[in-house]
Amino acid sequence: MAGPSTFSVTPIFVAHRESPVSQQAISLPVGGADWTIDVAEPAIQRLLSVDPADVDSAAELSFARNVFVPLTTACRYTCTYCTYFDPPGEASLLAPDEIREIVRRGADAGCTEALFTFGDDPDDRYTAIYDQLADWGHDSIHSYLREACEIALEEGLLPHANPGDQTREQMAQVADLNASMGVMLETTADVAAHSGPRVKEPEQRLGTIRTAGELGVPFTTGILVGVGEDWRDRAVSLLAIRDLHQRYGHVQEVIVQPVVDNERWQEGSPDVAALRRTVAMARVALPETVSLQVPPNLAPVREVVDCGIDDLGGVSPVTDDHINPEYAWPALEELREIAAEAGVPLRERLPVYERYLPSALRSDEFDGKAADRPPAGDADSWLSDRIAAAITADDSGGRRYRAVIGREPSRVFRPDAAAESR
Ligand code: SF4
């Protein structure tokens, strides 16, 4: 994990309260909608005045056990900070048997989530990818994602797919096989890091988050810090997410993720002070019912744990040595240490947060606020019948899911407990 000493101040971070101030409200177009998100100037100014001392620490921290399934590295975009995507001719596509092997290993290791990672909807330059999909009987990456989700459910993992921008038709094609889905908004600003021949546009990301709300999909999104946006942009991005959550009630979690140096990005990362201030802004911007995550593998989370975060994201078995569920994964040990240092319990969660589960599936200990019913339209429950059936099934996957939500022996890590309860 990157420690604070690896973080450097970069010129993109303007000093506290020195952001340029427009007196005009911001009007953000939302893909596929005939309305805009209007972010009022007083709300922006309120967030810009937030200090880490303004927020309280969370009463507990949560995490999920997941396994990464990089379905494809093909991506229509070329974000300058991203090492995930491969160009046409080099991009990979996992075969069905590879998917099954990964998710089976994850289930054997005690995971509950198959995190399907993607490049954004591959464009038509990726002829080899489409030829391979056609050989496997699929006319689109979303058709193949559906098969991949089926494999995950068969093997005992709940899918959480993050396929980038999606049309309503694409998301509807796979929504019933996902416990939750996600896409990072990253920023509402037009930044050079998203430029190039194929520009990733905030309007489309906002449209994807809107679509998830309309379809009643519990959704994870977040902001990327340090890609050229300024403080005002961060405030606007957080308020845009809040607006969409207020409309649909579907944003279960917001990630505050710092950009980090890699082979394609050497522009530096936000320093700890900037990260702390951004996390505190997020906590103030978002209702308590939206969890706030900082990923420990990318950020000095110990330095921001008092700024209102309540989730540490996913941990995965990283090598074959760690597939034994009795073996304490190093990443999990680190999360336990972080929680212990903060003096709060560490609670395992499913890829869908407990407040989005029907009351019959929530733990007796649940003392949060249940999510409101999804908006009228396509959905009358946050869980599809298929996902609800997986959680209630009398099989190893169902028992593992129910253990996490307290319907079987629970997995709560108390700060004073030496060992977890399985
Ligand atoms: S859309 Fe995502 S996967 Fe594609 S280049 Fe940008 S960050 Fe990477």
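1. Helix α6 is largely enclosed by the rest of this predicted model, because 12 of its 14 residues are buried. The buried set consists of P202, R205, L206, G207, T208, I209, R210, T211, A212, G213, E214 and L215, and what covers these residues includes the strands β1 (26-29), β2 (36-39), β6 (180-182) and β7 (219-225) together with the helices α5 (168-174) and α7 (231-248).

2. The length of α6 (residues 202-215) agrees with expectation, since at 1.5 Å a residue its 14 residues should span 20 Å, and its end C-alpha atoms are 20 Å apart. The residue that follows α6 is G216, whose phi is positive, near 70°.

3. Helix α10 (residues 385-392) has I387, A390 and I391 among its residues as buried positions, and, seen down the helix axis, the buried residues of α10 fall within an arc of 95°, so they line one face of the helix. An α-helix has 3.6 residues a turn, so residues three or four places apart point the same way. On the other side of α10, D385 and A389 are exposed, whereas the buried residues of α10 pack against α4 (141-155), β5 (158-162) and α11 (396-404).

4. As for the ligand, the residues that surround it are C75, Y77, T78, C79, C82, Y84, F85, G119, D120, G164 and K200. Sorted by class, this shell around the ligand comprises six nonpolar, three polar and two charged residues.

Technical notes
Residues are numbered from 1 along each chain as its sequence is written. This is a predicted model: local features need pLDDT of at least 70, side-chain atom pairs count only at pLDDT 80 or more; totals for chains, interfaces and linings use all residues. Helices (H or I, at least four residues) and strands (E, at least two) are DSSP runs, numbered from the N terminus. The expected span of a helix is 1.5 Å times one less than its number of residues. A residue is buried if 20 or more other C-beta atoms lie within 10 Å of its own, exposed if 12 or fewer, and partly exposed in between; C-beta atoms are placed from the backbone. Two residues are in contact if their C-beta atoms, placed from the backbone, lie within 7 Å. A residue is near a molecule or strand if its C-beta atom, placed from the backbone, lies within 6 Å of it. Ala, Val, Leu, Ile, Met, Phe, Trp, Tyr, Cys and Pro count as nonpolar, Asp, Glu, Lys and Arg as charged, and the others, Gly among them, as polar. The arc is that of the directions from the helix axis to the C-beta atoms.
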